[in-house]
Amino acid sequence: MFQAIIFDLDGTLIDSRAAILDAFGKALAEKGIVPQIALAAVRIGPPLAETLRELSGSDDEALLDALAAHFKAHYDSSGYRASEVFADIPELLEALATNGARCFLATNKRLAPTRLILQHLQWEPYFAEVYALDRETPRLPDKSTMLARLLAEQALDAQNCIYIGDTPEDEAAARANGLLFAAVSWGYGEFPDADRLRFSTPRELATFLSQEKSAR
């Protein structure tokens with residue numbers, strides 16, 4: 001089987017869109033800022049600072065820090081609990097655990113709410129380790145660097161691992177590190193061409209991973 005199976009989080013395992021947008025809206029309202037783009041048009045997945053800069057239309061670091069603090073206060077206290085698990089994902093994770101797969105999480109979401117979500121869903125046993133951009137100081141610059149760090153620290157062979165995500169950015173980060181990439185269609189991204197490994201349901205993904213185990 002794969003030496004390691006690496007998952008993205010938002011849009012791949014959970015649907016956190018409503019909870020995240022609610023926290024963005026409350027953070028902006030507390031500072032009296034009208035969003036520069038409609039909240040419904042916000043992309044889920046980029047780092048927090050990047051999205052706040054886009055929403056506020058400001059490069060004022062003090063303002064962005066204040067908005068980030070308000071966002072975290074809302075999301076990290078209770079908002080994260082509103083995230084919904086995609087259908088059949090719990091069964092997929094349980095099957096992988098039963099089969100002895102070694103799974104990791106690599107996400108742009110901050111480490112603190114990621115761990116809160118895993119604890120809330122009782123998913124901590126499913127992942128050997130969690131990687132986030134703010135896992136260390138200074139924070140990692142992007143997901144490609146994060147995956148490179150994960151592979152190095154865990155002594156993994158990229159050619160024998162797979163990264164599963166829902167956006168072209170996830171795919172680019174995987175390919176930059178020589179990882180096989182599996183795109184899922186139930187998340188937030190779009191993959192216009194069909195020239196890639198892609199799955200439309202978690203059950204299809206589970207079947208593929210099971211077949212890979214048999215094949216190897």
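**View 1. Strand β1 and its parallel neighbour β6.** Strand β1 runs parallel to strand β6 (residues 161–165), and four bridges join the two. Strands are DSSP runs of E with at least two residues and helices are runs of H or I with at least four, numbered from the N terminus; two strands pair if DSSP finds at least two bridges between them. I162 is the bridge partner of I5 in β6. The model is predicted: local features need pLDDT of at least 70 and side-chain atom pairs count only at pLDDT 80 or more, whereas totals for chains, interfaces and linings use all residues. Residues are numbered from 1 along each chain as its sequence is written, and side-chain values use heavy atoms, with hydrogens and water left out.

**View 2. Strand β1 beside β4.** Strand β4 (residues 103–107) is parallel to β1 and joined to it by three bridges. Here I5 has C103 as its bridge partner.

**View 3. The two faces of β1.** Strand β1 (residues 4–7) is covered on both faces. A4 and I6 on one side, and I5 and F7 on the other, are all buried (under 20% relative accessible area, 1.4 Å probe, protein chains only).

**View 4. Packing of helices α1 and α3.** Helix α1 (residues 17–30) packs on helix α3 (residues 61–77) at an angle of about 135 degrees, with the axes 8 Å apart; axes are lines fitted to C-alpha atoms over the stretch in contact, and angles run from 0 to 180 degrees between N-to-C directions. In the contact (heavy atoms within 4.5 Å), residues of α1 including A23, F24 and A27 meet L67, H70, F71, H74 and Y75 of α3.

Note on methods: Buried < 20%, exposed > 50% of the residue type's maximum accessible area, 1.4 Å probe, protein only.
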